[in-house]
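Biologist: Could you put the model up and walk me through the charged pairs? I'd like the overall layout before the details.

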Amino acid sequence: AGTFSDAFAPYATHIYSSAEPLAREVRMAAALKDIEANAHPTAKPGDLAARDNGGVVSVSQGSQPQRWPSAGYMNDGSPWSSWHRGRLPQQVDITFAVPQRISRMVIDSNLSHLEIKAWRDGAWHSLTELKSLNPDVRRETQTIRFTPVETGKLRLLARSVKSVMSMPDNVAQIWEIEAYANDE
């Protein structure tokens, strides 16, 4: 009669299609493989800031509101999780297990103006500032290059965010932070 019922176990996934050709195209093994790959994110090759490589992220204040993930999600290797903060300015520190030589960062965020600093000789030194060339997009992956530096800590200072209808002004959101030794 055009209806059906089903029951779900915890975390179960069911796929339905009323189009017979589509039903034949969906391969459950491939779908389950994709689900598993996204359920356990891994660091990109060479990402020195990654949690898997010993990078530790700390922030100036806790996540607001509490329904958002902790700061540790910024370096978990997944572009689907994010750390959501309160009002600007915001500070994010990345501490490495051992000092690293770094010349490039990749930041997936809604930041329109940011500064990167490195800890050397007992003080913070500015490496570079970046202003977005795409202020009208809500989310952007930015690659920031700078003169290679040997450091045990990096600091990202979020100065401003993109002002678009879908995001309140002055609320920083960061999906992922990566740091690399090379400039590729």
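Modeller: Read along the sequence, the pattern is α-α-β-β-β-β-β-β-β, where helices (H or I, at least four residues) and strands (E, at least two) are DSSP runs numbered from the N terminus. This is a predicted model, in which local features need pLDDT of at least 70 and side-chain atom pairs count only at pLDDT 80 or more, while totals for chains, interfaces and linings use all residues. Residues are numbered from 1 along each chain as its sequence is written, and side-chain values use heavy atoms, leaving out hydrogens and water.

Biologist: How many salt bridges are there?

Modeller: The count comes to six, taking a salt bridge as a side-chain nitrogen of Lys or Arg within 4 Å of a carboxyl oxygen of Asp or Glu. One of them joins Glu178 and Lys44, with the closest N and O atoms 3.2 Å apart. Glu178 lies in strand E7 (residues 171–180) and Lys44 in the loop between H2 and E1, so the pair ties together parts 134 residues apart in sequence.

Biologist: Is Glu178 buried or exposed?

Modeller: Glu178 is buried at 7% relative accessibility, whereas Lys44 is partly exposed at 46%; buried means under 20% relative accessible area, exposed over 50% and partly exposed in between, with a 1.4 Å probe and protein chains only.

Biologist: Switching topic, where is Asp47?

Modeller: Asp47 sits in the loop between helix H2 (28–39) and strand E1 (56–59). Asp47 is buried but has no salt bridge, and the nearest side chain of opposite charge, Lys44, is 7.4 Å away.

Conventions: Lys and Arg count as positive and Asp and Glu as negative; His and the chain ends are not counted.
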